[in-house]
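Have the structure open as you read.

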Amino acid sequence: MLQKFQNHINKILPFLREKKLLLAVSGGIDSMVLIHLLHQLKFDISVAHCNFNLRGNESDGDAEFVKSICGKINIDFFLNSFKTSEYASLNKLSIQVAARQLRYDWFNELLEIEGFDYLLTAHHLDDSIETFLINFTRGTGLEGLTGIPQQNDKIIRPLLIFTREEIENYAKENQIQWREDSSNASDKYLRNKLRHKVIPILKELNPGFSNSFLQTLENLQQSESMVDDASRIVYRKVVKDVNSQKIINLEELMILPNYQAYLYQWLKPFGFTAWNDIYDLVEAQSGKQVFSEKHRLLKDRNTLILTKKKEIEKEVYAVYQEVENSEIPLKISVCDKGDITFGNKDIIFADKDTLKFPLEFRKWEEGDYFYPFGITGKKKLSKYFKDEKFSLVEKENTWLLCSENQVVWVVGKRADRRFSVNETTQTIIKIELK
């Protein structure tokens, strides 16, 4: 196994040789074998151990055991003790999710503070099989069927080509000590049920199951890579990135025979799960929306618009002539007639005597109207938006500057003629969108 491990490193992970490595070590057989392999090959390694305080004296014993092994082979040891149950309760998480968050937050801190290049974990092929089956039973896309990735940014898993049996045989042959986690014997968790009941049957049906599964994973990973390439090519034709929005052209999208697959690829990173609702959105009427935890997908005419969910924000701001407010992107100043310019939608000039300070800076509301230049009478904002073909997102992001609730300016768009400068104006106010 040592030679196979060295060959694997030389072929796939050669960049690890001169790096400073941090090993996540529980004290179980997998992580203790990983220490042994890397120590034998003289890598620059240190060890991090998490005590989650979930198994009483057994948890403390694991920490002492790992610490003693590190002392014997003279490698640095880092320990963190967590109040996992308390953290899980406070954040309304399962114990498993809480433990995962705690350990990886701490690992990332160690990487940064201590200057480690990579974090290595002892996940092996059987772990990858279990992950495949868990995702398969819950429903997933192609990415959920590719097992555990060998590298995810700074996290490296160099044992993924080895089975649990190979690791156990190596540990016995080299008299490696390890600690048994009593929770691994329980079928309380789905992963353990698969490990103890399902996978042994698969291996009984096919003695070469592990090797054939590894080949299947490689095939699936290549397929996923091909899908990603195709997705990026089509993305450039169908989607426009405009500021913080992604605008999907439905006419271009629906030409594609498998457009739902592309929507899945593009939207899955944003936390969406209601895929049938998203697919229905394609042919829904304008204004329909689907939400993830942090994002919104909106149907607007012949497009789908992806935006972040809006934070709750103050609706009305007071605007004073003399005092600038950092929350308001407006600059107000007095100017001369000779300073008046035309053609810039980000600047208006108003007659000070027609304004009642403080002005109001707020989002538009249904029923708002103004008196734009070039037409007789007033015009509702809703009609103005329709004529100008504003998208729903553009309407949501439209702000008004008002004087006693009368629209002075559809900010950055159109001014109201009631407040314009004329020959009788004594003081001219310049209002500029910063």
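Which residues are buried in α3? In this predicted model, they are Ser 59, Gly 61, Asp 62, Ala 63, Phe 65, Val 66, Ile 69 and Cys 70. The buried residues of this helix pack against α2 (29-40), β2 (44-51) and β3 (77-81). Helix α3 covers residues 57-72, and its length can be checked: at 1.5 Å a residue, its 16 residues should span 22 Å, and because the end C-alpha atoms are 22 Å apart, the two values agree. After α3 comes Asn 74, which has a positive phi near 60 degrees.

Nonpolar side chains tend to be buried together in soluble globular proteins. Here the largest nonpolar core holds 34 residues, and Phe 5, Leu 16, Leu 23 and Leu 120 have the most contacts inside it. At least two residues of this core come from each of α1 (2-12), β1 (20-24), α2, β2, α3, β4 (118-120) and α7 (164-173). Helix α2 gives the largest share, with seven residues.

Apart from neighbours within four places in sequence, Phe 5 contacts Leu 34, Leu 37, Leu 38, Leu 41, Pro 158, Leu 159 and Phe 162. There is also a second, separate core of 23 residues, with Leu 250, Ile 278, Val 290 and Leu 297 among them.

**Two helix pairs**

Two packed helices are described by the angle between their axes and the distance between the axes. The table gives both values for two pairs.

| Helix pair | Angle between axes | Distance between axes |
|---|---|---|
| α2 and α7 | about 65 degrees | 10 Å |
| α6 (125-138) and α9 (209-238) | roughly 65 degrees | within 11 Å |

Helix α2 passes α7 in a left-handed crossing. On the α2 side, Ile 29, Asp 30, Val 33, His 36, Leu 37 and Gln 40 take part, meeting Ile 167, Glu 168, Tyr 170 and Ala 171 of α7. Sorted by class, this contact between α2 and α7 has six nonpolar, two polar and two charged residues.

The contact of α6 with α9 is made of eight nonpolar and two polar residues, with no charged residues.

Note on methods
Residues numbered from 1 in each chain as written. Predicted model: local features only at pLDDT ≥ 70, side-chain atom pairs only at ≥ 80, totals over all residues. Heavy atoms only, no water. Axes fitted to C-alpha atoms, helices over the stretch in contact; angles between N-to-C directions. Helix = DSSP H or I, 4+ residues; strand = E, 2+ residues; numbered from the N terminus. Nonpolar A, V, L, I, M, F, W, Y, C, P; charged D, E, K, R; others polar. Expected span 1.5 Å × (residues − 1). Buried < 20%, exposed > 50% of the residue type's maximum accessible area, 1.4 Å probe, protein only. Contact = heavy atoms within 4.5 Å. Core = buried A, V, L, I, M, F, W, Y, C linked by side-chain atoms within 4.5 Å. Left-handed = near helix turned anticlockwise from the far one by under 90°.
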